[in-house]
Amino acid sequence: MLSKFIDIAIIQGTIRMATPIMLAAMGAMVTGLSGIINIGLEGMMLLGAFFAVVGSYYFGSVWLGVAVALLSGLIMALLFAIFTMKFRAHIILIGITINAFALAITVYFLRDWFNVAGAFSDNAIVGFNTVKIPIIKSIPILGDILSGYTPIVYLSWLIIISMHIILYKTPLGRHLRAVGENAEASETLGIKVKGIKYLAVILSGIFSSLAGAYLSLGQLTMFTENMSANRGFLGLAANIFGMGTPIGGALASLIFGFADSLAMRLQGWETIPSQIVLMIPSALPILILLIFSVRKKKELKNFKEENISKLLSGK
Amino acid sequence: MKEFINNINWRPFIIIFLSLLLSLLIGSIFMISSGYNPLNVYLMMFQGAFIGKINIMNSLKNATPLIFTSMAVLIAFRTGTFNIGVEGQLFMGAIAAAWAGFSLEGLPSIIHIPLSLLFAIIAGALYAMIPAILKFKFNVNEIITTIMLNSIAFLFTSYLVNYPLRESPMAPQTPKVFESARLPRLTDSSQVSVGIIIAVIFAVIFWFVFKKTTFGFRTRVVGEASSFAEFSGISPVRTAFYGMLISGAVAGLAGGVELLGVHYRFVELFPTGLGFNGILIAWLGKGTPLGALFAALFYGGIQSGAMTVDWITSIPRQLSDTLLVLMVFFIAAEGMFDWVWPLKKKFLNKKDQKAGVEKNA
């Protein structure tokens with residue numbers, strides 16, 4: 001029974017579906033660590049997906065498509081940062097507004113520029129090819145699991161590893177974590193709090209627009225309306241579950257990617273209506289966050305009780 | 001009279017006005033790039049929104065659900081939570097109203113309509129209870145849970161209209177509700193129902209409750225200064241919990257009124273975005289019930305205006321959403337207009353100086 005659903009194809013599917021969520025989770029992590037909640041990841045991803053297709057279509061190059069996507073992410077991130085930090089806008093509202101903006105403007109431009117509704121695909125859009133990593137590809141099983149993806153998948157792994165190194169081995173990482181812990185204390189220590197926050201938001205914009213480019217040029221070679229489909233929010237959930245660490249966030253994203261991949265597999269299975277199956281990727285984050293909070297609460301309680309008993313016993 | 005004018009806080013109005021101006025300016029860049037004269041397009045939009053009976057009726061139809069959803073957002077926000085789940089709660093309300101409308105037979109309208117709406121209200125409140133319990137009992141982030149619950153509501157209603165509540169194999173939709181459950185329409189030529197009257201009355205009641213009653217005072221205190229609230233014996237957590245439930249109830253009502261007034265049946269492609277636009281409109285109205293009421297009426301107009309523009313020109317009707325988003329962007333960014341306030345002082349000072357000079361002379 002289980003072997004019917006767990007095979008190499010589903011593991012590959014898991015990694016493919018997890019990639020955009022992982023990138024969003026990294027965006028959620030850097031902003032989260034610096035004390036900012038960026039709900040706008042979702043919209044930045046959608047805009048990235050759209051502008052990747054636009055860039056690829058007009059310039060005929062997949063990497064230029066990615067560049068245009070990253071530029072859109074950078075602009076949205078700067079707007080987010082300026083509006084919330086300089087113009088005192090409500091941070092969650094601006095996130096929601098960016099998401100609504102992305103949804104409205106991509107549909108608007110689809111019709112205005114390409115005269116299509118719903119989806120845009122064209123032979124002129126250049127997508128990514130899969131890349132097989134030499135040596136690794138020839139290892140049995142592992143080669144199939146680790147090799148044979150489009151370049152952004154490998155890029156996302158590189159980003160996770162470098163985020164881990166930056167966060168825990170460099171002064172910049174220490175500063176970033178310090179700003180989130182206590183902005184005022186960091187300020188007195190001479191850390192440029194504003195600069196760090198701007199950097200964090202810009203990184204989140206770049207990561208999520210890269211995720212968008214992956215959706216429209218890596219997975220499919222087309223743009224469809226609302227194609228980010230909550231993956232930005234899944235990234236936020238993955239970051240909470242991953243406790244604000246790069247590796248934790250990546251592992252949590254893999255779980256969500258697995259749910260996505262499983263739902264796609266089960267969809268063809270006629271005994272369960274597809275709507276019920278498709279609920280798994282949405283219901284799982286809620287369940288996981290619930291379990292996570294219950295455990296955290298318990299730990300906190302145990303910690304308090306231990307300390308109190310220590311105090312009482314006079315040690 | 002002069003004192004009355006002086007007592008009004010003009011700032012929100014100035015911010016709204018400048019934001020509107022900026023958004024229209026950006027919108028006109030889009031229009032020029034598509035080869036249209038923005039002034040003509042905006043005129044067309046205005047006519048399509050507010051000139052002629054059919055257009056006005058259409059605008060009111062668009063505004064009806066938005067009045068409810070923006071109130072739902074406001075109720076939650078004033079008690080300290082951001083209810084992004086309005087969208088899903090509205091879907092649950094709509095399908096509950098549809099079920100009550102087509103399965104309870106033989107009731108007179110006077111009972112059937114309120115009963116169906118009650119189903120919608122309960123469905124919305126129950127659906128809001130999930131994130132509320134998760135948030136206030138288990139401390140799970142409500143933003144993520146409500147977003148996920150929105151997709152679950154879309155899928156769940158889609159499942160219902162595809163399987164248990166499906167009328168016929170032809171199309172994924174429920175049967176039509178009985179005549180006795182339909183909200184009476186105001187005219188024969190448009191889909192606007194008495195729902196708009198309920199919505200306006202509701203908004204005014206909400207304004208009154210908020211402004212004049214102790215409950216309103218409690219929620220205001222919690223929303224604005226929760227530590228003070230705790231100090232004075234009002235539980236912020238409990239108020240926020242009930243605020244979320246009431247918010248969900250109102251979102252459900254929005255779905256019920258939309259279904260019983262406009263569509264009469266739940267189809268798989270029930271309109272989305274009413275909840276999210278409710279958030280934007282609550283902000284467009286500067287976070288007050290009456291402000292949101294006018295913002296919803298205004299935006300309902302923009303929507304039907306953009307529809308007219310879409311028919312006549314090649315400018316997509318998403319122009320309305322785009323303009324709304326831009327306006328909220330600027331209205332939210334209060335600090336953007338900081339340079340405006342010293343101008344007034346400067347202006348007044350000059351006037352005073354002048355007056356002083358004249359006096360001395």
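**Notes on the model**

1. Thr145(B) is found in helix α7 of chain B, where helices (H or I, at least four residues) and strands (E, at least two) are DSSP runs numbered from the N terminus. At 0% relative accessibility Thr145(B) counts as buried, the classes being buried under 20% relative accessible area, exposed over 50% and partly exposed in between, with a 1.4 Å probe and protein chains only. A polar atom of the Thr145(B) side chain lies 3.3 Å from the backbone oxygen of Asn141(B). Residues up to four places away in sequence not being counted, Thr145(B) touches Pro131(B), Leu134(B) and Val140(B), and also Ile286(A) from the other chain; contact here means heavy atoms within 4.5 Å.

2. A word on the basis of these notes: this is a predicted model, in which local features need pLDDT of at least 70 and side-chain atom pairs count only at pLDDT 80 or more, while totals for chains, interfaces and linings use all residues. Residues are numbered from 1 along each chain as its sequence is written, chains are lettered from A and ligands numbered from 1 in the order in which they are written, and side-chain values use heavy atoms, with hydrogens and water left out.

3. Asn150(B) also deserves a look, and it lies in helix α7 (residues 142-162) of chain B. Asn150(B) is buried, with a relative accessible area of 4%, and its side chain reaches the backbone oxygen of Ile84(B) at 3.1 Å. Beyond its sequence neighbours up to four places away, Asn150(B) touches Ile84(B), Gly85(B), Glu87(B), Gly88(B) and Phe276(B).

4. How much area do chain A and chain B bury between them? The value is about 4,000 Å², 78% of it on carbon and sulfur atoms, buried area being the accessible area (1.4 Å probe) that two parts lose on being put together, summed over both. The contact takes 41 residues from chain A and 50 residues from chain B.

5. Between chain A and chain B the count is nine residue pairs in polar contact, both residues at pLDDT 80 or more. A polar contact is a pair of N or O atoms within 3.5 Å; within protein, one must be able to donate a hydrogen and the other to accept it, and residues adjacent in sequence count only if both atoms are side-chain atoms. On the side of chain A that touches chain B, the elements giving two or more residues are α5 (91-114), α11 (231-241), α13 (274-278) and α14 (280-313) of chain A. Of these, α5(A) gives the most, with 15 residues. By class, this side of chain A has 31 nonpolar, six polar and four charged residues, where Ala, Val, Leu, Ile, Met, Phe, Trp, Tyr, Cys and Pro count as nonpolar, Asp, Glu, Lys and Arg as charged, and the others, Gly among them, as polar.

6. The count between chain A and chain B is two salt bridges, a salt bridge being a side-chain nitrogen of Lys or Arg within 4 Å of a carboxyl oxygen of Asp or Glu. In one, Asp338(B) pairs with Arg88(A), the closest N and O atoms being 3.1 Å apart. In another, the side chains of Asp310(B) and Arg111(A) meet at 2.9 Å, N to O. This pair crosses between chains, from helix α13 of chain B to helix α5 of chain A. Asp310(B) counts as buried at 13% relative accessibility, whereas Arg111(A), at 23%, counts as partly exposed.

7. Over all chains the count comes to seven salt bridges. Among them, Lys135(B) meets Glu142(B) at 3.2 Å, N to O; Lys135(B) is partly exposed, with a relative accessible area of 24%, and Glu142(B) is buried at 9%.

8. The axes of helix α13 (residues 289-312) and helix α14 (residues 319-332), both of chain B, come within 9 Å and cross at roughly 145 degrees. Axes are lines fitted to C-alpha atoms, for helices over the stretch in contact, and angles run from 0 to 180 degrees between N-to-C directions. From α13(B), Phe298(B), Tyr299(B), Ile302(B), Gln303(B) and Ala306(B) meet Ser320(B), Asp321(B), Leu324(B) and Met327(B) in α14(B). The residues of this contact divide into six nonpolar, two polar and one charged.
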